[in-house]
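Here is a short briefing on one protein chain. Look at the structure first, then read the points below.

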Amino acid sequence: MKVAVLMGGRSSEREISLRTGRGVAQALRNLGHDVAAIDAANGRLLPAGEEERAALPAESLEPAGETALARPETLAGAEVVFIALHGAAGENGTLQALLDLAGKTYTGSGMLASALAMNKAVSKRLFVQGGIPTPRWRLLSPGQSAAALDTSELGGFPLVVKPNEEGSSVGLTIVRELGELPAAVKLAAAAPLHATGESAGGLGEVMIEEYIEGRELTVAVLGDQPLPVVEIRPRSGLYDYESKYTAGRSEYFCPADLPEPVAARVRELGVRSAQVLGCRGVSRADFRLADDGVAYCLEVNTVPGLTPTSLVPMAARAHGLSYDELVQRMIDLAIEDARRRSGQPLGA
């Protein structure tokens with residue numbers, strides 16, 4: 001099967017996307033597929049096995065350069081598009097809408113679910129409506145000061161300050177006293193920037209969220225099946241960008257050491273949070289497990305990291321799936337979903 005892997009792009013998560021794409025492309029080749037690895041930032045075809053090294057560094061990208069979808073020939077022969085893009089362009093529904101218009105089968109969630117999940121505030125409203133616990137929050141509009149914020153409504157300090165539409169904990173700060181709040185809000189508001197430094201629409205919305213003391217958990221959902229719960233213990237105490245992507249900065253335990261009723265509850269909430277947003281394919285829900293046993297859903301990632309050491313492959317291994325088998329299952333789900341939406345029999 002001809003598969004185009006879209007990776008790289010122009011977001012602040014370009015480096016991680018290239019790493020994910022390289023792993024996915026190699027797995028697809030191992031499985032016998034005909035693979036085209038494409039840098040979504042400029043439509044360049046990347047050489048097999050050298051995708052990450054051959055891609056242009058972020059600072060070398062032309063500020064207004066063409067994207068992969070501006071060059072239809074790069075995707076023309078693909079039977080399936082594997083989305084390995086992280087950050088706004090790959091996860092906010094824009095790419096999915098364009099692929100829908102092009103009639104392409106692609107991995108992961110569709111346009112609407114992607115857009116809903118990327119917007120943390122909208123996601124949390126849907127979690128509340130669906131009876132899924134989530135920390136209390138307030139949303140600041142672009143440029144709005146936090147001066148009028150009543151922190152007691154969020155349980156007081158510490159508080160979590162983060163961009164409303166970013167991934168990989170980019171721009172996230174744990175604020176422990178009032179004097180730290182303005183700088184944290186400024187950092188989060190400025191986070192929606194391309195890796196090139198080009199503004200992606202100016203300042204962004206900022207979420208100020210109740211801090212839940214407890215354990216960091218995550219649940220991957222493959223189709224409608226939850227994978228084993230992973231517990232993350234960052235050595236710094238904060239699971240930020242460095243803790244996620246720097247070797248040795250965090251410890252991972254899979255399956256998490258939880259009483260089975262608690263683990264089952266977290267898995268159930270992982271599936272429900274994905275369903276509430278309408279996710280398909282593979283998604284990953286992030287939780288904080290409070291000391292009183294309540295699991296609070298923070299967000300759902302519709303294009304979770306798929307480097308060989310990422311959380312979803314880790315959970316898949318605990319479930320008995322190799323990395324290559326996980327990638328093949330994602331391709332199978334994409335084809336099944338496309339056939340279901342078009343009314344074709346699944347066995348066709």
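Leu 159, Val 161 and Pro 163 point one way from strand β6, while Val 160 and Lys 162 point the other way, and all are buried. Buried means under 20% relative accessible area, exposed over 50%, and partly exposed in between (1.4 Å probe, protein chains only). In a regular strand the side chains alternate between the two faces of the sheet.

This is a predicted model: local features need pLDDT of at least 70, side-chain atom pairs count only at pLDDT 80 or more, and totals for chains, interfaces and linings use all residues. Residues are numbered from 1 along each chain as its sequence is written, and side-chain values use heavy atoms, with hydrogens and water left out.

- Strands (E, at least two residues) and helices (H or I, at least four) are DSSP runs, numbered from the N terminus.
- Strand β7 (residues 173-175) runs antiparallel to β6, and 3 bridges join them.
- Val 161 stands opposite Thr 173 in β7.
- Strand β8 (residues 206-210) also pairs with β6 in the antiparallel sense, over 5 bridges.
- Here Val 160 stands opposite Glu 209 in β8.
- Two strands pair if DSSP finds at least two bridges between them.

**A four-stranded sheet**

- An open sheet is formed by 4 strands in the order β3-β2-β1-β4, with mixed pairing.
- Its edge strands are β3 (45-46) and β4 (80-83), and each pairs on one side only.
- Strands β1 (residues 2-7) and β2 (residues 34-39) are parallel and share 6 bridges.
- Met 7 stands opposite Asp 39 in β2.

**Two crossing helices**

- The axes of helix α5 (residues 111-118) and helix α6 (residues 120-129) come within 5 Å and cross at roughly 100 degrees.
- That makes α5 roughly perpendicular to α6 (65 to 115 degrees; under 35 is roughly parallel, over 145 roughly antiparallel, the rest oblique).
- Axes are lines fitted to C-alpha atoms, for helices over the stretch in contact, and angles run from 0 to 180 degrees between N-to-C directions.
- The contact (heavy atoms within 4.5 Å) involves Leu 116, Ala 117 and Met 118 of α5, and Lys 120, Val 122, Ser 123 and Leu 126 of α6.

**The whole chain**

- The protein chain has 11 helices and 14 strands.
- Of its 348 residues, 53% count as buried.
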